Amino acid sequence: NCHSQASFKLILSEPHVNLKKKKEKMKKSTWLLIIGLFMFNNVYSQIGILDTERLQIKTFISEIKEKLGIPGLAVAIIKNKKVVYKDYLGFSNLEYKVPITKESLFRLHSLSKIFVSLGIFQLIESNKISLDDSISKYINDLPESWKKVKISNLLSHSSGLPDMREESLPVEEDARKKVYGGEKQFEHGTSVSYNQTNFWLLNRIIKNLNDGDFQGYIINQFQKESKVTFSNDDDIVENRVTEYQPGANNELKHHHFFIADYMYGAGGLTISLDDFIDWDLNLKQNKLISADSKNQMFKEFNYTTPVPYAFTNGWFILQVNNIPSYGFNGGGLVNYRYYPDKDLSIIWLTNGCSVRHNIDDITNTLFGYLDEELKDRTEDAQKEVYELFETGSSRKAVRKYKKLKHKYPFVNFENVLNSIGYYFLSQKKKEQAISIFILSTEEFPQSANTYDSLGEAYLENNELKLSLENYKKSLKLNPVNENAKMKIDLIKERLEND
């Protein structure tokens, strides 16, 4: 390897009366050095990362920061319970050019939810609560149709309850009245719908079991000297980063996000990178909850119907090459992912961007640098499928696609086809987009999203009856598809006017 090649060289020019013995001695020492370096690198690769990997990671992070217009970031990679990479880049405040440092505090937004999940499992271990308990055991003012919803339904977003958006109403009583008057989306346990109401109720349950103290209970997961807190825009928090978001022309603008304190847990946590690292290590070493509880927390919920995405008891599941990772992202700004089978995790904290992006793509790439089995081949597959439909006829492209997909056994081709279809649609290549979306419905006939996308393409192409037909199929598969409901009403109105 590069280390052994650069670390020694044979010196044969030195005069010596016994040159043969000298050469034998050098030969022996050289091989000892080679073996020693090999053993060092082998051990180091198990407990850390190599210099080449470190350089790749640092280069990628610098490039992605520039490309996406990220003002400042803090990142850590923890492998085999060791911090093998940590870096701070950019500014926590652009106006005053305040740099990101180890003291910088980041708002976690929805990433706060995993700490609530862990808090629930601490209550389970204390025999104060059970996953199978009905929430009416702890909250006495619920609508009748809510009373049989279980703790596990809240954590897994399988409650089917109407959604309470945390930024909508500043007064809890107003929000309570509004959401209690809404209709359930589906019977609890049957399907999935990411929902802020679930964590409002978990907040209330934790308060009821901890003398009204939700914030202190969650913050107790961290070291006493930590600066972890819950905060809002109008709170003055020393060293908290300023957040930014893309403007109309991808210029950076201030991001003002308010979350009422009754919704803390759905969001609101503010943390430093080092405090997050400590929490990560304590989680892995079973200092926060037992190994059995952790396994239960990471167990996928058993939805009774097929679902487009899934949660465990409080964590989002994301698979690469059929290997599951667990975590959450918050506001498109921060991300935490953990591969238990690899004892590998990444903490990615930023304070904004000028280009919106899928934050999981960043952590996927970083994981790929660290482990060959975690290299996400989606981008390679996407490029090949795009070229098939860009350069050839749709009929030939479909035939070639059906052979090509076997080359990438773990790639999510529903997402691949969907993203390429929308790219062609954005380029006004409507016929190609429609061909790809038709293929997607054939490949994934149980996905509501595929029919929704095809319905949109037909609508863009002014084929109203075909659009209506596909939106109806989407709504049948996913009765809570609000976009499909809206588009169906719109198309019916246009057909009546025509």
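Which residue in β8 is the bridge partner of threonine 229? The partner is threonine 270. The model discussed here is predicted.

## The open sheet

The pairing is part of an open sheet built from three strands. Their order is β4-β8-β5, and the pairing is antiparallel. β4 (105-107) and β5 (229-230) stand at the edges and have a single partner strand each, so one side of each is left without a neighbour in the sheet.

Strand β1 (residues 72-79) and strand β2 (residues 82-93) run antiparallel and are joined by eight bridges. Lysine 79 stands opposite lysine 82 in β2. The two strands form a hairpin, with two residues between them. In the turn, asparagine 80 has a positive phi of about 50°.

β2 also pairs with strand β3 (residues 98-99), in the antiparallel sense and over two bridges. Here phenylalanine 91 has proline 99 in β3 as its bridge partner. The hairpin of β2 and β3 has four residues between the strands. Lysine 97 in this hairpin takes a positive phi near 55°.

## Two packed helices

Two packed helices are described by the angle between their axes and the distance between the axes. Helix α16 covers residues 448-460 and helix α17 covers residues 464-477. They pack at an angle of about 160°, and their axes are 8 Å apart.

How are α16 and α17 oriented to each other, roughly parallel or roughly antiparallel? Angles over 145 degrees count as roughly antiparallel, and α16 and α17 are therefore roughly antiparallel to each other. The crossing in which α16 passes α17 is left-handed.

## The second largest pocket

The second largest pocket has a volume of about 150 Å³. Its lining includes Lys102, Glu103 and Leu105.

How many residues of the lining are nonpolar, polar and charged? The lining of the second largest pocket divides into one nonpolar, two polar and six charged residues.

Key
Residues are numbered from 1 along each chain as its sequence is written. This is a predicted model: local features need pLDDT of at least 70, side-chain atom pairs count only at pLDDT 80 or more; totals for chains, interfaces and linings use all residues. Side-chain values use heavy atoms; hydrogens and water are left out. On a 1 Å grid over the protein atoms alone, a cavity is a set of points where a 1.4 Å probe fits but cannot get out, and a pocket is an open set with protein on both sides within 12 Å along at least five of seven lines; lining residues have an atom within 4 Å of a point. Grid points are joined across faces, edges and corners, and a volume is the space filled by probe spheres set on the points. Ala, Val, Leu, Ile, Met, Phe, Trp, Tyr, Cys and Pro count as nonpolar, Asp, Glu, Lys and Arg as charged, and the others, Gly among them, as polar. Two strands pair if DSSP finds at least two bridges between them. Axes are lines fitted to C-alpha atoms, for helices over the stretch in contact, and angles run from 0 to 180 degrees between N-to-C directions. Angles under 35 degrees count as roughly parallel, over 145 as roughly antiparallel, 65 to 115 as roughly perpendicular and the rest as oblique. A crossing is left-handed if the near helix is turned anticlockwise from the far one by less than a right angle, and right-handed if clockwise.
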